[in-house]
Amino acid sequence: EDGIRDAQESRGLGDVYKRQQQIVEVLSLGESDYLKSFEEQSNLIKMKSEDSQRNLLLLRTLDTPCRALQKASPAQIPDLLPDICLLYTSDAADEADSLNLRG
């Protein structure tokens with residue numbers, strides 16, 4: 001067909017980065033005017049992907065305490081909140097920009 005539908009399924013971000021490098025090589029060899037723009041966009045994608053991975057790790061850390069909070073009665077909630085706040089502030093101290101909610 002058109003080569004797109006026949007392409008092998010991606011195995012993760014490593015495959016994406018390899019493809020980006022191949023595109024950069026082709027654009028470089030062709031002395032394309034699009035090279036700089038492509039590299040800028042590739043770097044932005046990589047940076048946002050890394051932000052997303054850090055956010056996912058934090059959200060996984062908060063999953064269990066938040067589920068306990070969901071099941072708690074109103075009277076139990078004040079006792080559960082310090083643990084959740086401690087997890088968040090501890091993670092934020094480890095990595096200042098650990099949760100990027102601004103996108």
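## Terms and basis of the model

The bend at a residue is the angle between two fitted axes, one for the seven residues ending at that residue and one for the seven starting there. This is a predicted model, in which local features need pLDDT of at least 70 and side-chain atom pairs count only at pLDDT 80 or more, while totals for chains, interfaces and linings use all residues. Residues are numbered from 1 along each chain as its sequence is written, and side-chain values use heavy atoms, with hydrogens and water left out.

## The chain as a whole

The chain has three helices and zero strands, where helices (H or I, at least four residues) and strands (E, at least two) are DSSP runs numbered from the N terminus. Read along the sequence, this gives the pattern α-α-α.

Of the 103 residues in the chain, 15% are buried, a term that stands for under 20% relative accessible area, with exposed meaning over 50% and partly exposed lying in between (1.4 Å probe, protein chains only). Among contacts (heavy atoms within 4.5 Å) between residues at least 6 apart in sequence, 41% join residues at least 24 apart.

## Helix H2

Helix H2 covers residues 35-71, and its 37 residues should span 54 Å at 1.5 Å a residue, which agrees with the 53 Å between its end C-alpha atoms; the expected span is 1.5 Å times one less than the number of residues. The helix bends by about 40 degrees at Asp63, and a proline, Pro65, follows within four residues.

The buried residues in H2 are Leu35, Ser42, Ser49, Asp51, Asn55, Leu58, Leu62 and Pro65. Lys46, also found in H2, counts as partly exposed because its relative accessibility is 37%. Between Lys46 and Val16, which are 30 residues apart in sequence, the C-alpha to C-alpha separation in space is 9.7 Å.

## Two salt bridges

The structure holds two salt bridges, each being a side-chain nitrogen of Lys or Arg within 4 Å of a carboxyl oxygen of Asp or Glu. In one of them, the side chains of Asp51 and Arg54 meet at 2.4 Å, N to O; these residues are three apart in helix H2 and therefore separated by about one helical turn. Asp51 counts as buried at 11% relative accessibility, whereas Arg54, at 23%, counts as partly exposed.

The side chains of Asp63 and Arg67 also meet in a salt bridge, at 3.0 Å, N to O, and these residues are four apart in H2, so about one helical turn separates them. Asp63 is partly exposed, with a relative accessible area of 34%, and Arg67 counts as partly exposed at 48% relative accessibility.
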